[in-house]
Amino acid sequence: MNAQPADILYDRSCAPAVLLFGDDAARRARLADRIILSGGRVSASEPIDTAADRLDSQSGARIVVDLREDGGAALDGLLMWLDAQAGRVGSLSTLILTPPGLIDVVTARIADIGVRILVDPEPGELEAALEDLLSPPPPLTSDSSREEDQRLSDEVGLIARRLPPSAQEVEPMVEGSAADARLVQAMLRLRRLRGQHFVPSLFADPAWDILLDLMGARLGRRSVSASSLCIAAAVPATTALRWIAHMTKQELLVRRPDPRDGRRVFIALSEQAAAVMHNYLAAARRIVAPAG
């Protein structure tokens, strides 16, 4: 795109309105330029702690939140409002830009896939997300970002449809099998070993890495935070969070509050997904160490 922000001073009243929040004024100014270049108009650019008043007075706008530091209660309130609003809108309504250190704080409040979380995005990734945010809802448009979300949702849906419709229709599961735990750890180590000999992206399979890591945690009776699971997924954190969100929506995963920290959630396998993973591991053991 060749236009510069200074060239776009004509009436943009028909462009989608965007509320921009962030505590770094210089970063907000740069983001405002990107929003304008992407076809939007910034109707307000304010610090996080003034967001509540602005949101109460202006509805229907898209929202971009740029986080650099933990804003405490003010941030929690904003995130909860955004999650609830996304559930009502039913489509992408908000972008949150966050550093890796705030992943757990953000995911503790954000569960709806209508809020897209970008972890230290590259310029091209941010521009694609802004274009998606500013696009009319489908079926009027179908850009690459929206198509990618649909593809991801379809893939996760295929996995979820292989689960039995009820927990009563799976084989009984014996918890805490030492053999299963060893097998899962061996699988994870072998998967990481590939990255030492091949280009890691050649084998990117975040859904399977997520399922394996959570099964290992279940067998070891460990809790897994969202930030930890992003690392285990072996893909960029932004991609991992999208997989986690879609897998949670399809009931492969569940969110559980951390009883010791109200600003963090743990991610775990659903009971049905855990039962299917157990049956898979039992079958895998018969191949790895056949009887006789």
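Predicted model: local features only at pLDDT ≥ 70, side-chain atom pairs only at ≥ 80, totals over all residues.
Local features need pLDDT of at least 70 and side-chain atom pairs count only at pLDDT 80 or more, while totals for chains, interfaces and linings use all residues. Residues are numbered from 1 along each chain as its sequence is written, and side-chain values use heavy atoms, with hydrogens and water left out.

Strand E5 covers residues 115–119; strands (E, at least two residues) and helices (H or I, at least four) are DSSP runs, numbered from the N terminus. In E5, 5 of 5 residues are buried, meaning under 20% relative accessible area, against over 50% for exposed and in between for partly exposed (1.4 Å probe, protein chains only). Val115, Ile117 and Val119 point one way, and Arg116 and Leu118 the other. E5 runs parallel to strand E4 (residues 94–98), joined to it by 5 bridges; strands pair if DSSP finds at least two bridges between them. Here Leu97 sits opposite Leu118 of E5.

Val199 counts as exposed because its relative accessibility is 56%.

Ser270 is also a loop residue, sitting between strand E7 (261–269) and helix H11 (271–288).
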